Every structure is written in C-alpha cells, then in structure tokens.
Amino acid sequence: MCTCLNNVMKWMNICLLPVLVSSCTTFYFEQPLPADRPNSNEFPTHLLGNWESLPDTGVYMINVPDSGTASSGINSMPFQWNRKEKERSPFNSSDDSLSLIIEENLFAIIVNRTEKIAKGAWPKLNAEREFVYPPGEIYEFEQLIVYDSLRQPVDTVDQYIFRNAKMYDIDAEGTMSTGRSYWQEKDTFIMKSIDTLFFDLGKNAILRQLNDRFYAVNIRGSITGERNNWWQVYIIEKKADNIFSTWECSRKTKELPSLLYLYQDHTFYFNATWTVTDILQLMSQGYFVETDEYHLKQ
C-alpha cells in the first residue's frame, strides 16, 4: 500500500508520505469498489495477524513517473535517479520497514522509519546549470531553493527549523509539526521513530471480497490527511497461508474513460463503477500493478 502509506506519512508529518514526495501517484474513486459486492464486516480469518513487508520493499516505494524523475520538497523540484540502481524510489531506505496488524474489524499500519534531512539549501546548480543534490540517502532538505522555468532561483523556503535540541518540520501550507528529537552526522540530520495509524471497517475503511483469492480495501482519503472524502482502493491477494501481496492502480489508468480529472499527472480522480469482472480484467491488462509483499510474523 505504498501510495496510501505516503499519504499516511504526510498526515503524520513524516516527510515527507508518504511529502511529501510530491510525485507519488494517488488514485481516488468516488465510491468503494467493486460496485457489485457488499461490504464485509470482518476480515477473513486467514488474513488476521501481524504482517511484515519484505526487508527490501522499503516504505517510500512510488510509481515511477513517465519522465523518469521524481520530486522532493513542497515545490516539486525534479529529482533524478538511476533506474537500474534504484528502480523503486530515490527515497528508499533499507532501515525502514512497514508492518500491518489485521484484526476482525480494523487494521493498523505501523511504520518504522529513518528520516534524513540534508543541512542547508538544496538543490543547487552546477556550472552546466544542472540540479545538484546531496549525496547518499537523503529524503528532504533543511531549506528548499525554488527556481523558475529558466532555473533562476526565486526563493528559499524553510522546511525544517531546529530549536532546543528538537526538529520542527513545516509543510506546504505553513503548518508546523511538534518537535522531535534528532542527531546529526556530518551534514545530515537523522531521526528514527515508529508511527501507527488505525483504520476501522465501516467507518474509514471498507472491505469487499472479489473472490477467494482477492479482496478490495477501500480507504477514505480524509483519514490519510487528504481534504476529501474520495476513496483509495487497494487489492489484497492471498498467495499462501503466510503470504499476501498488495496491488494498486498503475499510471496506465489515465487511458480509461472513467477518468474524471487528472491533476498535474500525479493525482487521478475516477467516477468508476467497476465490477469484480472489470477489476480482474484490468489487473490482467496492467491497469493494476503488484507492489508490496507481506509475510506473517511467527
């Protein structure tokens, strides 16, 4: 559930989310899906338990944009990376992990994360007027340099403030988080933390069964910090007794006639009424992609 996770982390003022990495692709639906299935009041017994993502999955996995660039910071500055070396995201960290606790009527997302902030203002320009970023695994910048279309600097925006041994992050709307402890290694500020968000079936989440193998989890956008009551849809595929994977919409969905509105090529709104048959067909045609795999903790 990487897209959802990114929104969750945005809501928790983690970056980023969850940025948040502004190129993260989000898909919204006007009503829960599939349209021809009733709501399930409980998760099936075989999905209950404490599930953990594989170590190399990372919690910053995003849908790769068509241009091969991602963005970091509140003003969507381009962030280049090597597709072969980091196919998922330039913001992936091997120290991060994601767990899901599924009970009968609720589930919880637990994020163990390491956040790294580069000291100073970024990105800079080199002699060839190309953007230059700090080396290593860096999620965010202490300050963001904003450029115009000609790559002339027009502003420098504070994204983090440090006072009395605590770090405060500021989002795009000027909202400041509560202070958090951190430490510094050379020119990098580092924080570790565990964050949890709960979803209740029938309130801010809806479960609908496609068949014995697939289930659709619909999540209210408002619970992940978005200012709307649209739904985000994720498909759970049970692969074995101790393994399931998640599927999300791919960027290919912008070809579908049910697309109502597309904002800046990263936020999709649909008035879809897809049935079970429709969703399974779309999955087979590449309109959904398998993202994360989870193993049951013993």
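This is a predicted model: local features need pLDDT of at least 70, side-chain atom pairs count only at pLDDT 80 or more; totals for chains, interfaces and linings use all residues.

Reader: What share of the residues of the protein chain count as buried?
Author: The cut-off for buried is under 20% relative accessible area. Among the 298 residues of the protein chain, the share that counts as buried is 52%.

Reader: Is Asn218 buried or exposed?
Author: Asn218 sits in strand S17, which covers residues 214–220. Its relative accessibility is 0%, so Asn218 counts as buried.

Reader: Which residue has its backbone nitrogen 2.8 Å from a polar atom of the side chain of Asn218?
Author: Beyond its neighbours within four places in sequence, Asn218 is in contact with several residues, including Pro32, Leu33, Trp231 and Gln232. The backbone nitrogen that lies 2.8 Å from a polar atom of the Asn218 side chain belongs to Leu33.

Reader: And Leu260, is that buried or exposed?
Author: You will find Leu260 in strand S20, residues 259–263. The cut-off for exposed is over 50% relative accessible area. Leu260 has 51% relative accessibility, so this residue counts as exposed.

Reader: What is the area of the nonpolar surface patch made by Leu260, Tyr261 and Tyr263?
Author: The protein chain exposes about 13900 Å², with 48% of that supplied by carbon and sulfur atoms. The nonpolar surface patch that Leu260 makes with Tyr261 and Tyr263 has an area of about 320 Å².

Methods: Residues are numbered from 1 along each chain as its sequence is written. Side-chain values use heavy atoms; hydrogens and water are left out. Helices (H or I, at least four residues) and strands (E, at least two) are DSSP runs, numbered from the N terminus. Buried means under 20% relative accessible area, exposed over 50%, partly exposed in between (1.4 Å probe, protein chains only). A polar contact is a pair of N or O atoms within 3.5 Å; within protein, one must be able to donate a hydrogen and the other to accept it, and residues adjacent in sequence count only if both atoms are side-chain atoms. Contact means heavy atoms within 4.5 Å. Patches are made of residues with over 30% relative accessible area and no salt bridge: like charges are joined within 9 Å, nonpolar side chains (Val, Leu, Ile, Met, Phe, Trp, Tyr) within 5 Å. Accessible areas come from the Shrake-Rupley method with a 1.4 Å probe; for residues, only the protein chains shown count as cover. A salt bridge is a side-chain nitrogen of Lys or Arg within 4 Å of a carboxyl oxygen of Asp or Glu.
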